[in-house]
Amino acid sequence: MAELKLVGICGSLRKASTNRMLMMAAVEHFGPADFEEMDIDWPVYNGDVEAEGIPEAVLKADELLRSADAVIVTTPEYNKGISGSLKNALDWLSRTKTQPWAGRPVAVMSAAAGVQGGARAQSMLRLCLNPFRPHVIPGPEIMLGQSGQQFDENGKLTNDGTHKFLGELMGQLRELAEARQS
């Protein structure tokens, strides 16, 4: 069996994002894989821009997504929803016509400063993914609250409960990816 290709999409553009740290903890729990994070720092979707041609960065992201055996998507919660950058990425990817999400195993999670850990954003993310028809794993739901206090100075997750749930979620993601590969 070939090595699995795992793609991560972090809805926060900040390099020191707790969502990126959570994504990297999930990657460790996933186990051996060729991992690549998708860069979603793209221009705002605009039909006039699309009419001139879909940006190269979006086409590369589409290709990356189509090559993935599994996908991890993390989202912060901005004003009770997903970040504009993540929604923008979903909007652009919907315009490529290749249906790169269809049937693809996807794990979603959120990290936020509030105690609810981005529950509303994660719910919104699941709704935003529905039209693309991926195989979104229903749970366990990873909603890391007070996320600024959940990582050490090296960006390593310190919350044992979250590690337990990440192990379970990533085990399911890996199982689905391996089944899809065979």
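In the predicted model, Ser 17 is located in the loop that links strand E1 (5–10) to helix H1 (18–30). With a relative accessible area of 1%, Ser 17 is classed as buried, because the cut-off for that class is under 20%. The side chain of Ser 17 forms a polar contact with the side chain of Ser 12, at 3.4 Å. When residues up to four places away in sequence are set aside, the residues touched by Ser 17 are Cys 10 and Ser 12.

Cys 10, one of the residues touched by Ser 17, is itself buried, its relative accessibility being 1%. The structure contains zero disulfides; the cysteine sulfur nearest to that of Cys 10 belongs to Cys 128 and is 16 Å away, and Cys 10 therefore takes part in no disulfide, for which the two sulfur atoms would have to lie within 2.5 Å. Cys 128 is likewise in no disulfide, and with a relative accessible area of 18% Cys 128 also counts as buried.

Cys 128 contributes to the packing of two helices. Helix H4 (residues 84–93) and helix H5 (residues 119–129) pack with their axes 11 Å apart and at an angle of about 10 degrees, so that H4 is roughly parallel to H5, an arrangement assigned to angles under 35 degrees. On the H4 side the contact is made by Leu 86, Lys 87 and Leu 90, and on the H5 side by Leu 125, Cys 128 and Leu 129. Classified by residue type, this contact of H4 with H5 comprises five nonpolar residues, one charged residue and no polar residues.

Notes. Residues are numbered from 1 along each chain as its sequence is written. This is a predicted model: local features need pLDDT of at least 70, side-chain atom pairs count only at pLDDT 80 or more; totals for chains, interfaces and linings use all residues. Side-chain values use heavy atoms; hydrogens and water are left out. Buried means under 20% relative accessible area, exposed over 50%, partly exposed in between (1.4 Å probe, protein chains only). Axes are lines fitted to C-alpha atoms, for helices over the stretch in contact, and angles run from 0 to 180 degrees between N-to-C directions. Helices (H or I, at least four residues) and strands (E, at least two) are DSSP runs, numbered from the N terminus. Angles under 35 degrees count as roughly parallel, over 145 as roughly antiparallel, 65 to 115 as roughly perpendicular and the rest as oblique. Contact means heavy atoms within 4.5 Å. Ala, Val, Leu, Ile, Met, Phe, Trp, Tyr, Cys and Pro count as nonpolar, Asp, Glu, Lys and Arg as charged, and the others, Gly among them, as polar. A polar contact is a pair of N or O atoms within 3.5 Å; within protein, one must be able to donate a hydrogen and the other to accept it, and residues adjacent in sequence count only if both atoms are side-chain atoms.
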